[in-house]
Amino acid sequence: MPKTFIAGIGHYVPENIVTNKDLMKYMDTSDDWIQERTGIKERRYAHRTGESTATMGIEAAKKALANAGIAATDVDFIIFATLSPDYYFPGCGVLVQRALKMKEIGALDIRNQCSGFVYALSVADQFIKSGMYKNILLVCSEKHSFGLDFSTRGRNVSVIFGDGAAAVVLQPTEDKERGILSTHLHSDGESAEILAMYNPGTHANYWMEQEFAHFDDAEIGQMFMSHAMIENAQNFPNMDGPAVFKKAVVKFPEVIMEALNYNGYKPSDIDLLIPHQANLRIAQFVQQKLGLSNDKVFNNIEKYGNTTAASIPLALSEAVEQGRVKKDDLLCMAAFGSGFTWASALVKW
Ligand code: ACO
């Protein structure tokens, strides 16, 4: 059975840099608070009308294809991971297929938020190992700036997120010493609502029973997205930050150890850990727990904030550019986020 390796990688971030100080114009926050709690100094916001989740993903995809040395027409499957798609439906995968004039190949959209990249990598790995596909384009992109509450009410969420995209090309290799060694995926839906964007959604008939009690059948269509939801700011992400933090610092090390144990490695064997860039404090906690030195962990959250599905491949792409990943390095990628879902991937570069 072949193994799967990352044959090409690339990223795209919008030009527009938004500093913590810039956010202070709209909400009661401070550069000190944001840096101290999250490590974030600035983030990028996509051009309001000129850029979307799909267009940023397409730019990253072009770079990954060039890096892999293949044409868009060589791709035989697309996977797109995002929580901020251009449309509620269809997903962004088909927009990549259209823009890059690809063949009529399959396009799969993955909705696993911060774990999106690792989940998608796992799916791609199965398709490649089974021999079904030879060139998979995996695109991760987020345009968070379009769905955040920039008033003080939403400050615990809005200061964290940024826009950006990254993509990888996955191919089979007969080199037994190289490629994806394993992926481990987990979920616990018990706390699904504590890190969630409720609307628009079909839950409304029970979640907002009071509000919709007076609706007659002819008005039922408004329950998906109503004026009241917008007036009450129920169209923004909701997060119990401390609860997420507490769970994340347990599950990150757990899923990393699961990957290491499965492959017979120990933390000191890791050449580079790329944690999902949720919060620098979480990454530092995980680093300390595993006893890793600074040169063994890659973070870029200070520049981009949390770009959710894009955060790990964006960090990996920058690490590769900076020469931080060398051939034969043992690379560990791990994520935790909404769902909750969490996951790890161990890769021999
Ligand atoms: N600026 C200033 N003050 C703020 C801000 C802000 N941006 N946001 C919240 N505060 C205030 C709160 O109102 C609160 O004030 P109070 O004490 O007067 O009530 C105080 O700061 C402390 O609030 P906490 O929420 O307890 O702050 P905490 O130290 O937990 O930091 C944070 C908040 C940064 C969100 C943290 O909890 C965190 O990073 N959690 C994990 C987030 C995460 O990993 N998410 C997963 C990825 S996202 C995804 O999957 C889609």
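## Rings and a cavity

Phe252, Phe336, Phe340 and Trp342 come together in one aromatic cluster. Rings of Phe, Tyr and Trp (its six-membered ring) pair if their centres lie within 6.5 Å; planes under 30 degrees apart are stacked, over 60 edge-to-face, and the rest tilted. This is a predicted model, where local features need pLDDT of at least 70, side-chain atom pairs count only at pLDDT 80 or more, and totals for chains, interfaces and linings use all residues. Residues are numbered from 1 along each chain as its sequence is written, and side-chain values use heavy atoms, leaving out hydrogens and water.

Across the whole structure, a search finds nine aromatic pairs. One of them, Phe77 with Tyr133, is stacked, with 4.7 Å centre to centre and 5 degrees between the planes. Phe77 belongs to strand E4 (residues 77-81) and Tyr133 to the loop between helix H5 (116-129) and strand E6 (136-142), so the pair ties together parts 56 residues apart in sequence. Both Phe77 and Tyr133 are buried (under 20% relative accessible area, 1.4 Å probe, protein chains only).

What lines the largest cavity? Thr4, Phe5, Ile6, Arg178, Gly179, Val347, Lys348 and Trp349 do. Domain 1 (3-173) and domain 2 (179-192 + 238-348) both give residues to this lining, so the largest cavity lies between them.

Definitions and conventions
Helices (H or I, at least four residues) and strands (E, at least two) are DSSP runs, numbered from the N terminus. Buried means under 20% relative accessible area, exposed over 50%, partly exposed in between (1.4 Å probe, protein chains only). On a 1 Å grid over the protein atoms alone, a cavity is a set of points where a 1.4 Å probe fits but cannot get out, and a pocket is an open set with protein on both sides within 12 Å along at least five of seven lines; lining residues have an atom within 4 Å of a point. Domain bounds come from an automatic or database domain assignment.
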